[in-house]
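Please read it with the structure open beside the text.

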Amino acid sequence: MSASALYWKSRRQFVNGLKSLRYQSRFKVMFVCCFAAFCELGLLLLFMAGFRVLGMFGGIGGFIVGRLFSLFFLGIGMMLVVSGLVTSYATLFRSEEIPFLTTRPLSTSRIVVYKFMETVFFASWAFFFIIIPYVGAYAWHRGLPLHFALWTLLFSLPFLVLCCGLGAICVLLIVRWVPRGRAWRLLIIGAIAIVAAAAWAYTHRVYDPSADARLNLSRVIPGVMLASNILLPNTWVAEGIMSLTRGEWFRGMMMGGVLFSTAAVVFMGVEWIGSLLLYECWQRTLVGSSGRTGTGRFFARLEWLLRPLKPDTRAIVMKDVKTFFRDPIQWSQALVFFGLLGLYFANLGSFDYSILGAYWVNTMAFLNVFSVSAVVCSLGARFIYPQLSLEGQGFWILGLSPTSMRRIVLAKFGTALAGMLSVSVPLMMLSAAMLETAAAVRVTAVGLACVVSFAVCGLSIGLGAVFIDLKQRNPAAIVSGFGGTLNLVLTLGFMLAVILPFGVVFHVHATGRMVQHELWRGVFMATAWACVLCAGFTALPLVLGIRSLHRRDF
Amino acid sequence: MIPMIEIDHLTKDFGRIVAVRDLCLSVPAGEIFCFLGPNGAGKTTTIKMLTGLLRPTAGSARIGGLDIQRDPVEAKKLMGYIPDMPYLYERLTPEDFFIFTGDLYRVPRDKVLEEREKSFELFGINDYRYTLIKDLSHGMRQRLIYAATLLHEPRVLFVDEPLIGLDPYTIRLIKDLLREKSRGGMTVFLTTHILALAEDIGDRIGIILEGRLHALGTLGELLERGGGRNLEEVFLKLTAKPGRL
């Protein structure tokens with residue numbers, strides 16, 4: 001009865017959540033739904049275009065498409081493990097529900113299983129937003145029958161459990177046994193770096209050119225060898241789905257059987273390890289890390305550097321920086337973010353663009369500017385937008401202090417901008433250098449990184465103030481609301497509006513349809529347009545945000 | 001009388017800080033035991049060890065004869081716990097939460113529905129039964145947690161700061177309820193800073209200071225031992241320390 005009570009409770013929470021949508025603004029609900037549908041459609045069209053381009057290459061294109069299905073699940077699987085890691089830490093050790101459940105007559109294994117199911121749901125639901133359009137585009141490209149979707153769904157579910165389970169097991173083992181001393185931490189980080197370097201070296205081995213096409217392909221698309229490894233679950237998923245779609249029942253069922261049984265073993269492993277370790281781990285987290293922050297010297301130096309600021313502004317900046325670094329959820333998600341960026345850069349280094357024509361070189365260069373700018377927009381949406389809302393119930397402290405709202409908002413903006421520029425500019429410089437783009441394109445790319453950073457910080461802080469939600473303590477929930485969605489839409493729109501003119505000008509010039517002096521005139525006009533837009537998108541939201549905070553009761 | 005709570009040399013340290021030192025105590029069935037002490041004295045740590053939230057560094061605690069560490073599930077069936085800032089599921093309604101709690105403790109659904117009507121009436125929750133918990137005031141949430149915690153008729157009730165944020169009517173209601181339940185055989189172990197509450201309803205009072213049980217007895221015994229006119233004077237005298245008012 002008690003286990004079913006937990007699931008009954010979750011269902012009621014879900015139903016009540018849906019019912020409460022009735023009391024939300026219809027425009028708000030429609031806006032979020034339309035944005036989600038628009039994103040799905042956009043992704044579907046993008047994947048379809050990608051497959052069409054690959055199809056144009058003929059034989060090698062078909063070979064790549066065949067491998068992409070497995071590679072896609074490898075990527076999803078890796079992200080799911082990391083997502084499971086972060087989410088299970090939050091559900092098992094940061095959730096206020098755990099003390100509540102611990103004082104109820106529930107066994108630890110029941111709590112673990114219940115929280116693990118929650119982890120699987122929270123860690124994976126967003127991946128369906130990627131899986132559905134990808135699978136749709138793949139089916140369209142290969143002309144696959146409808147039951148392909150059914151097999152994909154059936155194989156995806158155990159795959160999610162398996163990957164999230166690995167993440168959850170890692171978290172339990174890390175929390176239980178990873179020592180807390182600084183030296184130990186450095187040792188573990190060093191070990192992880194060595195393993196990552198070894199993995200990198202393995203995937204970038206020099207292959208014999210006489211070897212088969214798959215080996216040569218692995219030089220172009222890193223991970224293709226790994227993705228085809230029959231011992232990995234992504235291969236079971238890809239092979240299983242394709243075998244069943246082709247009507248090869250025995251092979252499909254065998255792959256399915258291997259996948260299901262492995263997922264079941266991992267599930268049992270989570271339950272067993274969890275029932276043994278959860279209470280112990282939880283006690284460890286309760287004993288606390290106060291007095292062990294270890295970043296005291298860094299904060300002292302930062303405070304010294306911030307001496308020119310007024311004391312109240314400096315206090316706000318220091319509080320924000322300290323809060324960020326002392327919140328494992330925040331910095332662990334930032335680490336995941338930068339881990340994915342690392343993968344992106346690893347891929348950039350693998351492609352040899354110099355052999356391509358001017359058309360493709362320019363296209364790649366500006367696609368890279370779009371990619372890095374999109375990363376900046378995502379960073380803004382995820383980490384900067386919720387900043388004011390995360391002040392939470394403590395906002396009255398700022399509200400009562402003899403500091404104007406203008407200064408609070410500007411301090412937040414300054415902190416966010418400094419952080420954002422320190423990420424966006426090096427990223428843009430590094431990626432442009434890896435692509436060996438022309439000097440003019442490089443300077444433009446770095447300038448665009450600055451412009452996008454300004455506007456993203458202005459929009460995220462300004463809209464964060466307008467749509468402030470002091471009751472919500474979960475940053476992910478703050479981001480997924482109406483204000484967060486609007487912020488993401490506006491930042492992405494701004495990004496397109498400022499990058500496209502530069503892209504068009506350079507593209508026309510690269511294809512020989514524009515002479516040099518016309519190029520500079522075009523660049524000048526695009527720069528003026530970008531500056532005007534940047535000023536508007538930075539200043540206006542900040543002004544609106546300050547006004548909104550002035551009008552609020554705290 | 002049969003002891004419902006037995007604390008045997010209970011100790012808890014957080015690294016270099018020892019929150020509770022070698023605590024020994026026995027609370028019989030039907031007693032209201034008030035645990036007093038200044039901030040940081042170890043009251044909440046003790047209650048957390050007794051409810052199984054914290055593992056003791058040394059010693060043991062038994063609830064109704066069951067060791068809370070060795071037999072946690074059975075021990076928890078016997079008790080109820082009301083923390084000072086209770087966690088409630090924000091997207092459940094009071095009705096949902098009541099049913100959920102009943103199912104957790106395996107209370108038959110008929111009884112849950114019957115008790116729900118009585119409790120909601122008693123605690124004045126009827127008008128809010130379909131409101132999401134996130135929209136309830138602090139006082140209303142406290143009333144709900146009392147109603148839900150008493151549903152499975154625990155033999156031992158732990159209450160951490162029972163009167164925080166409650167209006168005078170609810171305070172009166174809670175005091176009467178605790179008295180009535182203790183007369184019916186329920187053991188109540190509560191921590192509070194409100195000395196008048198301890199004077200009012202406590203059968204016995206324990207004063208904890210720096211993790212050690214400093215004084216224990218009925219109100220009369222403490223007044224006699226401390227030589228004060230009321231509990232406030234005795235408390236201040238017993239817990240006096242240089243630098244503390």
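Helix 5 (residues 138-149) of chain B has 12 residues, which at 1.5 Å a residue should span 16 Å, and its end C-alpha atoms are 16 Å apart, which agrees. The expected span is 1.5 Å times one less than the number of residues. Helices (H or I, at least four residues) and strands (E, at least two) are DSSP runs, numbered from the N terminus. The model is predicted: local features need pLDDT of at least 70, side-chain atom pairs count only at pLDDT 80 or more, and totals for chains, interfaces and linings use all residues. Residues are numbered from 1 along each chain as its sequence is written, while chains are lettered from A and ligands numbered from 1 in the order in which they are written.

**Helix 5 of chain B**

- Nine of the 12 residues of helix 5 of chain B are buried, so this helix is largely enclosed by the rest of the structure. A residue is buried if 20 or more other C-beta atoms lie within 10 Å of its own, exposed if 12 or fewer, and partly exposed in between, with C-beta atoms placed from the backbone.
- The buried residues include Arg141(B), Arg143(B), Leu144(B), Tyr146(B) and Ala147(B).
- These buried residues pack against strand 6 (79-82), helix 3 (94-104), helix 4 (109-123) and helix 6 (168-183) of chain B. Contact here requires C-beta atoms, placed from the backbone, within 7 Å.

**Domains of chain B**

- Chain B is divided into domain 1 (1-78 + 156-245) and domain 2 (86-153); the bounds come from an automatic or database domain assignment.
- The C-alpha centres of domain 1 and domain 2 of chain B lie 26 Å apart.
- Six residues from domain 1 of chain B and six residues from domain 2 of chain B make up the contact.
- The side of domain 1 of chain B that touches domain 2 of chain B has two nonpolar, two polar and two charged residues. In these classes, Ala, Val, Leu, Ile, Met, Phe, Trp, Tyr, Cys and Pro count as nonpolar, Asp, Glu, Lys and Arg as charged, and the others, Gly among them, as polar.

**Strand 3 of chain B**

- Five of the five residues of strand 3 (residues 32-36) of chain B are buried, so this strand is largely enclosed by the rest of the structure.
- In a regular strand the side chains alternate between the two faces of the sheet.
- Ile32(B), Cys34(B) and Leu36(B) are buried on one side of strand 3 of chain B, and Phe33(B) and Phe35(B) are buried on the other.
- Strand 3 of chain B runs parallel to strand 8 (residues 187-191) of chain B, with four bridges between them. Two strands pair if DSSP finds at least two bridges between them.
- Cys34(B) stands opposite Leu190(B) in strand 8 of chain B.
- Strand 3 of chain B also pairs in the parallel sense with strand 9 (residues 204-209) of chain B, over four bridges, and Phe33(B) stands opposite Arg204(B) in strand 9.

**An open sheet in chain B**

- Four strands of chain B form an open sheet in the order 2-1-4-5, with antiparallel pairing.
- Strand 2 (17-28) and strand 5 (66-67) of chain B are the edge strands, each pairing on one side only.
- Strand 1 (residues 3-14) and strand 4 (residues 58-63) of chain B are antiparallel and joined by five bridges.
- Across that pair, Glu6(B) stands opposite Arg62(B), and Thr11(B) stands opposite Ala58(B).
- Two bridges join strand 4 of chain B to strand 5 of chain B, where Leu66(B) is the bridge partner of Ile63(B).

**Nonpolar cores**

- In the largest nonpolar core, which has 125 residues, Ala147(B), Phe158(B), Val188(B) and Phe189(B) touch the most other members. A nonpolar core is a set of buried Ala, Val, Leu, Ile, Met, Phe, Trp, Tyr and Cys residues joined through C-beta atoms within 7 Å.
- Helix 3 (residues 59-94) of chain A gives the largest share of this core, 15 residues.
- A second, separate core of 60 residues includes Val375(A) and Phe502(A).

- Chain A has 22 helices and zero strands.
- Of the 28 residues of helix 19 (residues 439-466) of chain A, 20 are buried.
- 24 residues of chain A are in contact with 23 residues of chain B.
- Helix 1 of chain A gives nine residues to this side of chain A, the largest share.

Terms used: Two residues are in contact if their C-beta atoms, placed from the backbone, lie within 7 Å.
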